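Try each task yourself, then read on through the solution.

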Amino acid sequence: MIFLYLNFLNFHYSLYKMNRILFFLTIFLGFRATAQTNKTIDSLLAVNQKYLKQDTTKIRILIDLAYAYEEINLEKAMEKTNEVVALAKRINTPLGMANAYAEQASVLMFLSKYDLSVNTFNQALHQKVWGNYIYKLNE
């Protein structure tokens, strides 16, 4: 009987230790993920600052930047998506507009603006890509 009781205590102590390890591991990995996101944002900001052309590459950089900001700052992510939508409209690239609207809708969803998010996703869906040709659907 004592043997069973000692095994029971040992088992609970092992669970306690495992829970503590998991807790600290979760906190450590959370900080590590944030640090990695900050590194990504810093390098994307540097690339964005150096890349002066207003073309599809700039659109891709801004979309990647908005995606990275989604994890830590939704307001900054929204700023970047507004920037990329304006750029895509200015250079008139339907694929860029579709990607910009899709990223903007994603940020709106995280901001709990669901109706606006659905409308923005619909704008993204109005763009259609077939092979190497880009077509805009009739609205």
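**Exercise 1.** Find out how many salt bridges there are, and look at one of them in detail.

*Solution.* This is a predicted model, and the count of salt bridges in it comes to 2. Let's take the one between Arg 60 and Asp 64, whose closest N and O atoms are 3.0 Å apart.

**Exercise 2.** Work out how helix H2 runs relative to helix H4, and which residues make the contact.

*Solution.* Start with the geometry: H2 (residues 56-69) and H4 (residues 94-110) pack at an angle of about 10°, and their axes are 10 Å apart. Angles under 35 degrees count as roughly parallel, so H2 is roughly parallel to H4. Next, pick out the residues: H2 brings Ile 59, Arg 60, Ile 63, Ala 66 and Tyr 67, while H4 brings Gly 96, Asn 99, Ala 100 and Glu 103. Finally, sort these contact residues by type, and you get 5 nonpolar, 2 polar and 2 charged.

**Exercise 3.** Name the residues of a nonpolar patch on the surface and give their accessible area together.

*Solution.* The patch is formed by Met 109, Phe 110 and Tyr 114. Together they have about 320 Å² of accessible area. As for where Tyr 114 belongs, look in helix H5 (residues 114-125).

Note on methods:
Residues numbered from 1 in each chain as written. Predicted model: local features only at pLDDT ≥ 70, side-chain atom pairs only at ≥ 80, totals over all residues. Heavy atoms only, no water. Axes fitted to C-alpha atoms, helices over the stretch in contact; angles between N-to-C directions. Helix = DSSP H or I, 4+ residues; strand = E, 2+ residues; numbered from the N terminus. Parallel < 35°, antiparallel > 145°, perpendicular 65-115°, else oblique. Contact = heavy atoms within 4.5 Å. Nonpolar A, V, L, I, M, F, W, Y, C, P; charged D, E, K, R; others polar. Patch = residues over 30% accessible without salt bridge, like charges linked within 9 Å, V, L, I, M, F, W, Y side chains within 5 Å. Areas by Shrake-Rupley, 256 points an atom, 1.4 Å probe, with all protein chains shown as cover. Salt bridge = Lys/Arg side-chain N within 4 Å of Asp/Glu carboxyl O.
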